[in-house]
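Hi everyone, thanks for coming.

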Amino acid sequence: MRLTKNTIEEIFRHACESYPDECCGIVTSSEQEQTAHKCENIQNRLHAEDPLSFPRDARTAYFIERSKVDAIVSEAKQQGMAVAAFYHSHPEHEAFFSTEDLAAQTVFGEPEFPDAVQIVVSVKNGRVHDMKCFLWSRERQVFETVNIYE
C-alpha cells in the first residue's frame, strides 16, 4: 500500500487543525481509491469523566469510539475497500511508535489489523514536522518502520 499525495495532505491538514491535541483517523482503500476518515478524539471527554482510568488528556493521547471504528470498517467492506492505515499525531513530540501506541493497537500482543499501517505525524508549533509509518512484522512480532509515500 502506498499513501497518495492527497491522503497525506488530508492527514497533515487534520493534524494541524487538531493541534495542540492529537488527531486520529483511519485510511481505507481499494486499488482505485483511498479515503482518510477523520475521527473524533474523545480522550478529553474520557479524561474528564474518569481521570484515574484515563490520566492523559488529548494533548498526549487519543481514543476513537469503538462504534466509529466498526462503522468505518463495515462501510469499507461494503464498498470493496479495506482498512489500510490508522493515523494519529504527536503534538510537540517526534513521530515515533510509542508504548501507548503499541498498547492501543494490540490485543493480547497481536494487532487487530495486522496489515494496517500505523501513521504517526509529528506536529510542532502547529506545523507538520515529520511523519513516520510502521507495519507489523509477523516474523519479528514488532512494528517496524516502513516507507509508504508516493
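Take the contacts between residues at least 6 apart in sequence: 61% of them join residues at least 24 apart. Keep in mind that this is a predicted model.

What do the elements look like along the chain? There are four helices and eight strands, and from the N terminus the order reads α-β-β-α-α-β-α-β-β-β-β-β.

Now the overall dimensions. For 150 residues, a compact globule would have a radius of gyration near 15 Å, and the chain agrees, because its own value is 15 Å. Along the principal axes, the C-alpha atoms fill a box of roughly 40 × 35 × 30 Å. Of the 150 residues, 42% count as buried.

Strand β6, residues 117-124, pairs with β7, residues 127-137, in the antiparallel sense over seven bridges. Two residues separate them in a hairpin, and Asn125 in that turn has a positive phi of about 55°. Next, β7 runs antiparallel to β8, residues 142-146, and five bridges join them. This hairpin has four residues between its strands, with Gln141 in the turn at a positive phi of about 60°.

Which residue of β7 stands opposite Ile119? That's Cys133, and Cys133 also stands opposite Val146 in β8.

Notes
Residues numbered from 1 in each chain as written. Predicted model: local features only at pLDDT ≥ 70, side-chain atom pairs only at ≥ 80, totals over all residues. Heavy atoms only, no water. Rg over C-alpha atoms; globule rule 2.2 N^0.38 Å. Buried < 20%, exposed > 50% of the residue type's maximum accessible area, 1.4 Å probe, protein only. Contact = heavy atoms within 4.5 Å. Pairing = 2+ DSSP bridges.
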